[in-house]
Amino acid sequence: MSTLSLCAAPKAHAAAAPCEAPLPTALVYPCDEISLRVAVEAASTGLLDPVLVGPAATMQRLAAMHALDLSGCSLVDAASARAALEVAAQLARDGEVGALMQGALPADELVAVVMRKDHGLRAAPRLSHVAVVQLPGRSRPLLITDAAINVSPSLEDKAQIVQNAIRLAQALGVAAPKVAILSSTETVNPKIASTLDAAVLCKMAERGQIVGGLLDGPLALDDAICADTARAKGLASPVAGDADVLLVPDLVAGDLLVKQLRLFAAADAAGVVLGARLPVILAGATDTLRSRLASCAIAARLAAARAAD
């Protein structure tokens with residue numbers, strides 16, 4: 001079973017790791033049906049220990065309306081979305097929860113709270129998001145970064161984004177992840193900035209400034225994931241044609257890639273934010289229950305790996 005398949009089936013995850021306690025997770029302003037349904041399902045399978053932070057009366061009314069049993073969840077009353085963000089940040093800072101998850105509020109508001117220095121939740125210079133995508137017919141997932149947070153990352157930003165992704169891949173069981181630095185071509189072109197960044201990032205990895213993974217780039221998308229293409233182009237590299245992680249040039253490229261894979265290739269996708277003291281789970285408006293539960297399982301894997309370090 002692939003990593004994402006396991007993550008997308010919480011009962012299998014719980015059975016595979018019965019010694020792991022459910023991850024205490026603050027669901028921030030879960031004032032819609034799907035957020036509450038995720039909490040109930042994650043609690044019932046032993047994946048999460050949900051802490052619902054929001055207006056208690058509203059959450060209870062919604063639960064009753066949709067026949068959802070909140071007995072497996074803790075409720076912390078917060079009158080508004082803004083108040084829920086502050087309360088959840090306090091719970092995270094005090095160590096009472098081990099993850100944060102977006103409810104019925106914009107993702108950028110949750111990310112902004114995590115980034116605030118006064119909350120003390122940042123653990124790395126750069127927060128970044130990694131999408132974990134399972135393609136039909138592929139034996140293991142692709143990690144794509146960053147398609148959600150960093151709009152036009154600098155070279156320095158990209159180095160931290162790669163390091164964050166390597167740590168997640170290792171938490172998911174890939175000891176030495178293969179990282180493809182994507183551009184439109186596999187050759188360095190001074191007129192294409194992403195090819196220059198790729199070359200520098202590979203040299204940084206060679207010099208030990210990025211650790212834990214094998215980097216190669218620039219690589220076009222087909223070079224990175226199609227072994228036949230890599231062979232046809234004479235790319236002798238352990239990464240070309242067999243990448244675990246794809247670093248995209250910018251947010252637009254990443255967002256388009258993830259959405260194309262979901263819409264046109266029937267891919268499953270989940271993900272998590274890296275660079276904070278605890279995993280942060282974003283939930284898009286079109287994310288399904290399956291996708292959100294997969295993201296919860298990825299966060300649980302990440303938290304368990306950090307605790308074991």
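## The contact between the two domains

In this predicted model, about 1400 Å² is buried between domain 1 and domain 2. Carbon and sulfur atoms give 64% of that area. The size of an interface is often given as the accessible area lost when the parts come together.

Domain 1 is made of two stretches of the protein chain, 21–123 and 276–308, while domain 2 covers 125–272. The contact takes 20 residues from domain 1 and 15 residues from domain 2. Taken over C-alpha atoms, the centres of the two domains are 28 Å apart.

## Polar and charged pairs across the contact

Two salt bridges are counted between domain 1 and domain 2. Separately, the count of residue pairs in polar contact between the domains is five, with both residues at pLDDT 80 or more.

On the side of domain 1 that touches domain 2, at least two residues come from each of α6 (107–115), β11 (280–281) and α12 (289–308). Helix α12 gives the largest share, nine residues. Sorted by class, this side of domain 1 has 13 nonpolar, three polar and four charged residues.

## Salt bridges in the whole structure

The whole structure holds 17 salt bridges. Another links R37 with E33, where the closest N and O atoms are 2.8 Å apart. R37 and E33 are about one helical turn apart because they stand four residues apart in helix α3 (residues 33–44). Side chains of opposite charge can pair when their charged atoms come close.

## Backbone exceptions

Most residues other than glycine have a negative phi, and most peptide bonds are trans. The bond from T145 to D146 is cis, with omega near 0°, and D146 sits in the loop between β6 (142–145) and α7 (155–171). The bond from G217 to P218 is also cis, with omega near 5°; P218 belongs to strand β8 (residues 214–219).

Positive phi values occur at Y29, near 55°, and at A67, also near 55°. Y29 is in the loop between β1 (23–28) and α3. A67 is in the loop between α4 (56–65) and β3 (74–77).

## Annotated span

An unreviewed UniProt entry places the feature "domain: Phosphate acetyl/butaryl transferase" at residues 84–300. In the model, the C-alpha atoms at the ends of residues 84–300 are 22 Å apart. This span is 40% helix and 18% strand.

Note on methods
Residues are numbered from 1 along each chain as its sequence is written. This is a predicted model: local features need pLDDT of at least 70, side-chain atom pairs count only at pLDDT 80 or more; totals for chains, interfaces and linings use all residues. Side-chain values use heavy atoms; hydrogens and water are left out. Domain bounds come from an automatic or database domain assignment. Contact means heavy atoms within 4.5 Å. Buried area is the accessible area (1.4 Å probe) that two parts lose on being put together, summed over both. A salt bridge is a side-chain nitrogen of Lys or Arg within 4 Å of a carboxyl oxygen of Asp or Glu. A polar contact is a pair of N or O atoms within 3.5 Å; within protein, one must be able to donate a hydrogen and the other to accept it, and residues adjacent in sequence count only if both atoms are side-chain atoms. Ala, Val, Leu, Ile, Met, Phe, Trp, Tyr, Cys and Pro count as nonpolar, Asp, Glu, Lys and Arg as charged, and the others, Gly among them, as polar. UniProt positions are given in the numbering used here, feature names are shortened, and annotations may be inferred rather than shown by experiment.
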